[in-house]
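Please read this note with the model open beside you.

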Amino acid sequence: MLSLMEVESLFSEKTTPVSELVKGNPDRPLREPALVLLACLFNIFQIYQLLLILPQLSASPDPLNPFSFFNVMMLQLISGLIGWYVTFCIILLIGAALVYFVNQRIGSALILVISIIGLLMGFMGASFTFIYTFSIIVLITGLLAPIFGLLAGIYGIRSKDARAPTEAQEVI
């Protein structure tokens, strides 16, 4: 059992002020990697929605059904979209790692380029999931991942300006 003096000493000692704990490291940006992680979260939700659609399409093709060719085609398209979203997440995470560890502009440029391509693919992925789920939420979240990726890329590129060497005036 702890005595009253021991309990008071446990809770009253401060080794570091709170203001020092909150400061963080200004050399490592956190906004762009956080936006990328949010975009990856929306991508994972989109992958989940596409995985829910796959069993509807993977029924055995019936040669007498005129829509079986359509189901096989959609099965291949949705499988390709799942592969795209996984690749998109991986490239976004690589870009976030570049932003955080190497160079903010290089990583942000990678995030921006892949997010532009992701926005174009997001229209297709959101439309396919909307066809099968009829949910507006799926339509919105299908486009949120590339939008957050675009924001991360734009913020990262604009946040660090190129520093031109300035001439200092001599005081005589």
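1. Basis. This is a predicted model, in which local features need pLDDT of at least 70, side-chain atom pairs count only at pLDDT 80 or more, and totals for chains, interfaces and linings use all residues. Residues are numbered from 1 along each chain as its sequence is written, and side-chain values use heavy atoms, with hydrogens and water left out.

2. Confidence. The chain averages a pLDDT of 82 (the predictor's confidence in each residue, from 0 to 100). Of the residues, 74% score at least 70. Where is confidence lowest in the chain? Helix α1 (residues 4-12) has that place, at a mean of 56. Confidence is highest in α3, at 92.

3. Overall make-up. The chain has six helices and zero strands. Helices (H or I, at least four residues) and strands (E, at least two) are DSSP runs, numbered from the N terminus. The order from the N terminus is α-α-α-α-α-α. The chain has 172 residues, and 32% of them count as buried. Buried means under 20% relative accessible area, exposed over 50%, and partly exposed in between (1.4 Å probe, protein chains only).

4. Contact range. Take contacts in the chain between residues at least 6 apart in sequence: 78% join residues at least 24 apart. Contact means heavy atoms within 4.5 Å.

5. α3 with α4. Two packed helices are described by the angle between their axes and the distance between the axes. Axes are lines fitted to C-alpha atoms, for helices over the stretch in contact, and angles run from 0 to 180 degrees between N-to-C directions. For α3 and α4 the angle is about 165°, and the axes are 9 Å apart. The two are therefore roughly antiparallel to each other. Angles under 35 degrees count as roughly parallel, over 145 as roughly antiparallel, 65 to 115 as roughly perpendicular and the rest as oblique. α3 passes α4 in a left-handed crossing; that is, the near helix is turned anticlockwise from the far one by less than a right angle, with clockwise giving right-handed. By class, this contact has 25 nonpolar, four polar and one charged residues. Ala, Val, Leu, Ile, Met, Phe, Trp, Tyr, Cys and Pro count as nonpolar, Asp, Glu, Lys and Arg as charged, and the others, Gly among them, as polar.

6. α4 with α5. Helix α4 (residues 68-102) packs on α5 at about 155°, with the axes 9 Å apart. That makes α4 roughly antiparallel to α5. The crossing is left-handed. The residues of the contact of α4 with α5 divide into 25 nonpolar, eight polar and no charged.

7. α3 with α5. Helix α3 (residues 31-57) and helix α5 (residues 104-133) pack at about 30°, with their axes 11 Å apart. They are therefore roughly parallel to each other. The crossing of α3 and α5 is left-handed. How do the residues of the contact of α3 with α5 divide by class, and what is the count of each? Eight are nonpolar, eight polar and one charged. On the α3 side they include E32, V36, Q49 and L57, and on the α5 side I111, G125, T129 and T133.

8. L92. This residue lies in helix α4. Is L92 buried or exposed? L92 is buried, at a relative accessible area of 0%. Leaving out residues up to four places away in sequence, L92 touches V36, A39, C40, N43, I111, I114 and S115. L92 and I111 are 19 residues apart in sequence, and 5.8 Å apart in space, C-alpha to C-alpha.

9. Q49. Helix α3 holds Q49, a buried residue with a relative accessible area of 10%. Beyond residues up to four places away in sequence, Q49 touches T129, T133 and V138.

10. F148 and I147. Both are placed in helix α6. F148 touches L35, L38, A39 and F42, not counting residues up to four places away in sequence. I147 counts as partly exposed, at 37% relative accessibility. The C-alpha atoms of I147 and S115 are 7.4 Å apart, at a separation of 32 residues along the chain.

11. F134. Please check the backbone here. Most residues other than glycine have a negative phi, and most peptide bonds are trans. Phi of F134 is near 55°, a positive value in a residue other than glycine. F134 is in the loop between α5 and α6 (136-159), and is exposed, with a relative accessible area of 67%.
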